[in-house]
Amino acid sequence: MPQSYTPEFKKKIVRLHLEEGRTYKSITAEYGVSKASISKWCSEFSEECQAKADINPNTLNEAELMKEILRLRRELEESRKENLFLKKAAAFFAKEID
């Protein structure tokens, strides 16, 4: 008999994948949900968001917002790494001048 999941749980799993960038493998290991189920839920969610966007094309749908949040989080992390490197380089060159 197939496992039944609540819509809230499905949405949480989709958010983990789309918004936080978690892999199917990590979600499967943590929650015991199959890769096929996660993939299916993501597809259903995207279709649902597209249907909402068709009704009101002036708004970004939830899936697009999640993808944008993920992109921005990755960009922020990269900027933090670059900033740390530049701080270390500035400290190194400041020592050379003295």
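Q: Hi! In this predicted model, at what angle do α1 and helix α2 pack?
A: Hello! In this predicted model, α1 and helix α2, which covers residues 24-31, pack at an angle of about 140 degrees. Their axes are 10 Å apart.

Q: Why are α1 and α2 called oblique to each other?
A: Angles over 145 degrees would count as roughly antiparallel and 65 to 115 as roughly perpendicular. At about 140 degrees, α1 and α2 are therefore oblique.

Q: And is the crossing right-handed or left-handed?
A: Right-handed, where α1 passes α2.

Q: New topic: how much space lies in the largest pocket?
A: About 160 Å³.

Q: Which residues line the largest pocket?
A: The lining is made of Pro7, Lys10, Lys11, Val14, Trp41, Glu44, Phe45 and Glu48. Both α1 (7-18) and α3 (35-55) supply at least two residues each.

Q: What classes do the lining residues fall into?
A: Four are nonpolar and four are charged, with no polar ones.

Key
Residues are numbered from 1 along each chain as its sequence is written. This is a predicted model: local features need pLDDT of at least 70, side-chain atom pairs count only at pLDDT 80 or more; totals for chains, interfaces and linings use all residues. Side-chain values use heavy atoms; hydrogens and water are left out. On a 1 Å grid over the protein atoms alone, a cavity is a set of points where a 1.4 Å probe fits but cannot get out, and a pocket is an open set with protein on both sides within 12 Å along at least five of seven lines; lining residues have an atom within 4 Å of a point. Grid points are joined across faces, edges and corners, and a volume is the space filled by probe spheres set on the points. Helices (H or I, at least four residues) and strands (E, at least two) are DSSP runs, numbered from the N terminus. Ala, Val, Leu, Ile, Met, Phe, Trp, Tyr, Cys and Pro count as nonpolar, Asp, Glu, Lys and Arg as charged, and the others, Gly among them, as polar. Axes are lines fitted to C-alpha atoms, for helices over the stretch in contact, and angles run from 0 to 180 degrees between N-to-C directions. Angles under 35 degrees count as roughly parallel, over 145 as roughly antiparallel, 65 to 115 as roughly perpendicular and the rest as oblique. A crossing is left-handed if the near helix is turned anticlockwise from the far one by less than a right angle, and right-handed if clockwise.
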